[in-house]
Amino acid sequence: MSASDTDAMRRSQGDPAPLSAITLNVNDQVRSLEVDPRTSLLDALREQLRMSGTKKGCDHGQCGACTVLINGRRVNSCLTLAVMHEDDEIVTIEGLGDPDHLGPVQQAFVERDGFQCGYCTPGQICSAVGMLAEVAAGWPSHATADVSAPRIALTDDEIRERMSGNICRCAAYPNIVAAIRDSAEGGRR
């Protein structure tokens, strides 16, 4: 029996996989950890790095509560493995601001009361920051009326379409849309 067959048999019997040593750059801080290679980025952030801002909602990529920014793009951290992101810049809600110095989108959410229970808010804010960057880069969405226009009109329908991967069970959607619109009009991200 080969070593790989032995490893496969051990894992099928419930033995853990060998750990992988990785280094993650999270919120401009390099962190070293050892993870099971099957560990999601969400679980590495929450369980090993003790960063509780990123929330575990559905754990299937359907709610957006776990949204973080990876190299400036929004990603559901429950759907990606931690070992895949060694050379990437990862930004969580904690990296966008703190209670004494809120980031612009965070401030807009507070001003517009874009949250109720607050559980989805970190994912909503990270997604909004990524979405505003997509709009600034000229990336159209399914709701973009004129994809050849030099500038995308950020209508309420456009915002709703772009944020459709983030669910708010409290239904604070009108306030979330208003906060994002305020951020876009103020040029804040």
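Predicted model: local features only at pLDDT ≥ 70, side-chain atom pairs only at ≥ 80, totals over all residues.
Me: What share of the 189 residues is buried?
Reply: Buried means under 20% relative accessible area, exposed over 50%, and partly exposed in between (1.4 Å probe, protein chains only). The C-alpha atoms of the chain fill a box of roughly 65 × 40 × 30 Å along the principal axes. Of the 189 residues, the buried share is 39%.

Me: Among contacts between residues at least 6 apart in sequence, what percentage joins residues at least 24 apart?
Reply: A contact here means heavy atoms within 4.5 Å. Take the contacts in the protein chain between residues at least 6 apart in sequence; the part joining residues at least 24 apart is 53%.

Me: Why do the buried residues of α3 line one face of the helix?
Reply: Helix α3 covers residues 104-111, and its buried residues are Val105, Gln106, Ala108 and Phe109. Looking down the α3 axis, these buried residues line one face because they fall within an arc of 160°. That arc is taken from the directions from the helix axis to the C-beta atoms. As for what they pack against, it's α4 (121-136) and α6 (173-185).

Me: Are α3 and α4 parallel or oblique?
Reply: Axes are lines fitted to C-alpha atoms, for helices over the stretch in contact, and angles run from 0 to 180 degrees between N-to-C directions. The α3 and α4 axes come within 10 Å and cross at roughly 125°. Angles under 35 degrees count as roughly parallel, over 145 as roughly antiparallel, 65 to 115 as roughly perpendicular and the rest as oblique. So α3 is, relative to α4, oblique.

Me: Which handedness does the crossing of α4 and α6 have?
Reply: The axes of α4 and α6 come within 11 Å and cross at roughly 40°, and the two helices are therefore oblique to each other. A crossing is left-handed if the near helix is turned anticlockwise from the far one by less than a right angle, and right-handed if clockwise. For α4 and α6, it's right-handed.

Me: Which residues of α6 make the contact with α4?
Reply: By class, this contact has 6 nonpolar, 2 polar and no charged residues. On the α4 side sit Gln124, Ala128, Met131 and Leu132, and on the α6 side Ile176, Ile180, Ser183 and Ala184.

Me: Is Gly103 buried or exposed?
Reply: Gly103 sits in the loop between β5 (89-91) and α3. Leaving out residues up to four places away in sequence, Gly103 touches Leu96 and Gly97. Its relative accessibility is 7%, so Gly103 counts as buried.

Me: And what does Leu102 count as?
Reply: Leu102 is in the loop between β5 and α3. Not counting residues up to four places away in sequence, Leu102 touches Gln107 and Val110. With 34% relative accessibility, Leu102 counts as partly exposed.

Me: What is the relative accessibility of Arg162?
Reply: Arg162 belongs to helix α5 (residues 156-162). Not counting residues up to four places away in sequence, Arg162 touches several residues, among them Arg74, Glu134 and Trp139. Arg162 counts as buried, because its relative accessibility is 7%.

Me: Which residue just after α2 takes a positive phi?
Reply: Helix α2 (residues 41-48) has Leu41, Leu42, Ala44 and Leu45 as its buried residues. These pack against β1 (20-26), β2 (29-35), β3 (67-70) and β5. Just after α2, the residue with a positive phi of about 55° is Arg50.

How values were computed
Residues numbered from 1 in each chain as written. Heavy atoms only, no water. Helix = DSSP H or I, 4+ residues; strand = E, 2+ residues; numbered from the N terminus. Nonpolar A, V, L, I, M, F, W, Y, C, P; charged D, E, K, R; others polar.
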